[in-house]
Amino acid sequence: MIRVLKIAAAAAAASTLLAGCSLLSSPDPVQMYRFGSVSGAGEPATPAAQVQVAMRRPEFAQAVREDRILGVTGTETAYIKGARWVSSADILFNDALETAFAAQSTRVRLVGPRELTRAPQALDIDVRTFEARYASPGATPVITIVARTRLLNSQDRSVMAERVFTVEQPAGQNRVSAIVDAFDVATRDLHTQIVNWTDQNARDLPNPGR
């Protein structure tokens, strides 16, 4: 009788353990997304006169620097459930902007960090806002991106030109796929503006050498 009770208790414990494991091993699915695709990226522009500009990775606000998508309603913030960027937002933004320069710029060539040549000027970008803004809970959000962009003299770090860009792009629906599409459109719009602004403001300065 004692042996039977022990077997029954062991079976009950095993059943409870398996049930617990089943619950722990079934997390909510997360869909991965990206942004910043560039039309015509396979056909790089050929600058008439290449002005060399270095660009470090854009700085993002802490709340949106990684792979989560931020939603804001009034003073309340929350990350959108079940959706993440395929990589951290600052890396996706940087890679897409480099592609935009290669495809669209008519004057500027970005100098990469591994190149031995030093560029006479640097592009500094601080992304202060990168979020989906809701007028009220459940409303269709507006994607809002605010970025401070500066051209700096590499020799003395003086500011040669500065502008704050603000882009707002309404999502088609309050659905994750529509919100991501709006992020993509807004980012491409911002990148085109940054490329054009840099083309207009970059100067043909003497190269400082190595």
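Start with the whole chain, coloured by secondary structure. From the N terminus, the elements run α-β-β-β-β-β-α-β-β-β-β-α, giving 3 helices and 9 strands. The model is predicted. Of the 210 residues, 39% are buried. Among contacts with a separation of 6 or more, 73% join residues 24 or more positions apart.

**Helix α2**

Select residues 89-104, which make up α2. This helix has 16 residues and spans 22 Å from its first C-alpha to its last, close to the 22 Å expected at 1.5 Å a residue. Show its side chains and pick out the buried ones: they are Ala89, Asp90, Leu92, Phe93, Asn94, Ala96, Leu97, Ala100, Phe101 and Ala103. Keep Ala89 and Phe93 displayed, as both return below among the contacts of phenylalanine 130.

Step back to valine 86, in the loop between β5 (76-85) and α2. Together with Val86 they form a nonpolar patch on the surface, with about 240 Å² of accessible area among the three residues.

**Strand β7: phenylalanine 130**

Now select β7, residues 121-134, and centre on phenylalanine 130, which is in this strand. With a relative accessibility of 2%, phenylalanine 130 counts as buried. Which residues does phenylalanine 130 touch, leaving aside those up to four places away in sequence? They are Phe35, Phe60, Val64, Trp85, Ala89, Phe93, Thr144, Ile145, Phe183 and Thr187. Of these, Ala89 and Phe93 are buried residues of α2.

For a distance check, pick the C-alpha atoms of phenylalanine 130 and alanine 186. The two residues are 56 apart along the chain, and these atoms are separated by 9.9 Å.

**Strand β7: threonine 129**

Move to threonine 129, also in β7. Threonine 129 is buried, at 13% relative accessible area. Beyond residues up to four places away in sequence, threonine 129 touches Thr144, Ile145 and Val146. Thr144 and Ile145 are also among the contacts of phenylalanine 130.

Follow Ile145 into its strand. Select β8 (142-153) and β9 (159-170) together. The two strands run antiparallel and are joined by 11 bridges. Where in β9 is the bridge partner of isoleucine 145? The partner is valine 167.

Next, go to the turn of the hairpin, where 5 residues lie between the strands. Stop at arginine 157, found in this loop. Its phi is near 65 degrees, a positive value in a residue other than glycine. Arginine 157 is partly exposed, with a relative accessible area of 48%.

**Salt bridges**

Show the charged side chains. Side chains of opposite charge can pair when their charged atoms come close. How many salt bridges does a search of the whole structure find? The count is 7.

- Arginine 56 and aspartate 124: the closest N and O atoms are 2.6 Å apart. Arginine 56 lies in the loop between β2 (51-55) and β3 (59-60) and aspartate 124 in β7, so the pair ties together parts that are 68 residues apart in sequence. Arginine 56 is partly exposed at 37% relative accessibility, whereas aspartate 124 is buried, with a relative accessible area of 6%.
- Aspartate 126 and arginine 128: the side chains meet in a salt bridge of 3.7 Å, N to O. Aspartate 126 is partly exposed, at 22% relative accessible area, and arginine 128 is partly exposed too, at 45%.
- Glutamate 131 and arginine 133: the closest N and O atoms are 2.8 Å apart. Glutamate 131 is buried, with a relative accessible area of 12%, while arginine 133 counts as partly exposed at 35% relative accessibility.

Methods:
Residues are numbered from 1 along each chain as its sequence is written. This is a predicted model: local features need pLDDT of at least 70, side-chain atom pairs count only at pLDDT 80 or more; totals for chains, interfaces and linings use all residues. Side-chain values use heavy atoms; hydrogens and water are left out. Patches are made of residues with over 30% relative accessible area and no salt bridge: like charges are joined within 9 Å, nonpolar side chains (Val, Leu, Ile, Met, Phe, Trp, Tyr) within 5 Å. Accessible areas come from the Shrake-Rupley method with a 1.4 Å probe; for residues, only the protein chains shown count as cover. A salt bridge is a side-chain nitrogen of Lys or Arg within 4 Å of a carboxyl oxygen of Asp or Glu. Helices (H or I, at least four residues) and strands (E, at least two) are DSSP runs, numbered from the N terminus. Buried means under 20% relative accessible area, exposed over 50%, partly exposed in between (1.4 Å probe, protein chains only). Contact means heavy atoms within 4.5 Å. The expected span of a helix is 1.5 Å times one less than its number of residues. Two strands pair if DSSP finds at least two bridges between them.
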